[in-house]
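Grab your viewer and work through these exercises with the model open. Try each task before you read its solution.

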Amino acid sequence: MHKTIICTVCPLSCNVFLELGDNDEIVSLTGNRCPRGKAYAAKEHTAPERTLTTTVKARGGIHPLLPVRTDKPIPKEMLLEAVQAVSDLEVEGPIRMGQVLIEDFLGTGSNLVASRDL
Ligand code: SF4
């Protein structure tokens, strides 16, 4: 079986071609122009991760919503759970950009942080 992954590490957006074995293991990996692409494609195949970016309700500022993000990528399969977890969250200013709002968010080892001042 074959799989193509577009590397997003840099703007060149290389197509990385994976040949997979019977147990979905990577048999060969080609098309990457540098080692970072190999590492990215292998990770994307075995354990894809994404940085969560969303907003939460906010009080005490001029905006009703505060943009937030995880400070490290979290497992892609947890994104829906993560969005649901922050949907009920309401924060109160003052808050500084980068301030940790939730430590070890959902046990991922990533913190939920403010993306701007409130
Ligand atoms: S493989 Fe290397 S050169 Fe190609 S997009 Fe990824 S980081 Fe950029």
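**Exercise 1.** Find which residues V91 touches, leaving out residues up to four places away in sequence.

*Solution.* Start with the criterion: a contact is two C-beta atoms, placed from the backbone, within 7 Å. With residues up to four places away in sequence skipped, V91 touches V56, A58, L66 and L101. Before going on, note that this is a predicted model, where local features need pLDDT of at least 70 and side-chain atom pairs count only at pLDDT 80 or more, while totals for chains, interfaces and linings use all residues. Numbering runs from 1 along each chain as its sequence is written.

**Exercise 2.** Work out which residues make up the largest nonpolar core.

*Solution.* First, the rule: such a core is a set of buried Ala, Val, Leu, Ile, Met, Phe, Trp, Tyr and Cys residues joined through C-beta atoms within 7 Å. Buried means 20 or more other C-beta atoms within 10 Å of the residue's own, exposed means 12 or fewer, and partly exposed is in between. Applying that gives 12 residues: L52, A58, L66, V68, I74, A82, V86, V91, F105, L112, A114 and L118. At least two residues each come from β6, α2 (79-87) and β10 (112-114); these labels are DSSP runs numbered from the N terminus, helices being H or I of at least four residues and strands E of at least two. There's also a second, separate core of 6 residues, with I5, C7, V16 and L18 among them.

**Exercise 3.** Is V68 buried or exposed, and why?

*Solution.* Locate V68 in strand β6 (residues 65-70). Now count: V68 has 24 C-beta neighbours inside 10 Å, so it is buried. Its contacts, beyond four places in sequence, include T54, V86, L101 and V113. V68 and V113 are 45 residues apart in sequence, yet their C-alpha atoms are 5.6 Å apart.

**Exercise 4.** What is the strand order in the open sheet of 5 strands?

*Solution.* Pairing takes at least two DSSP bridges between strands. Tracing those pairs gives β8-β5-β6-β10-β9, with mixed pairing. The edges are β8 (90-92) and β9 (100-102), each pairing on one side only. Zoom in on β5 (residues 53-59): this strand pairs with β8 in the parallel sense over 3 bridges. There, R59 stands opposite E92 in β8.

**Exercise 5.** Why does strand β3 lie largely in the open?

*Solution.* Check the 5 residues of β3 (residues 26-30): the number buried is 0, so the strand lies largely in the open. Strand β2 (residues 15-20) runs antiparallel to β3, joined by 4 bridges.
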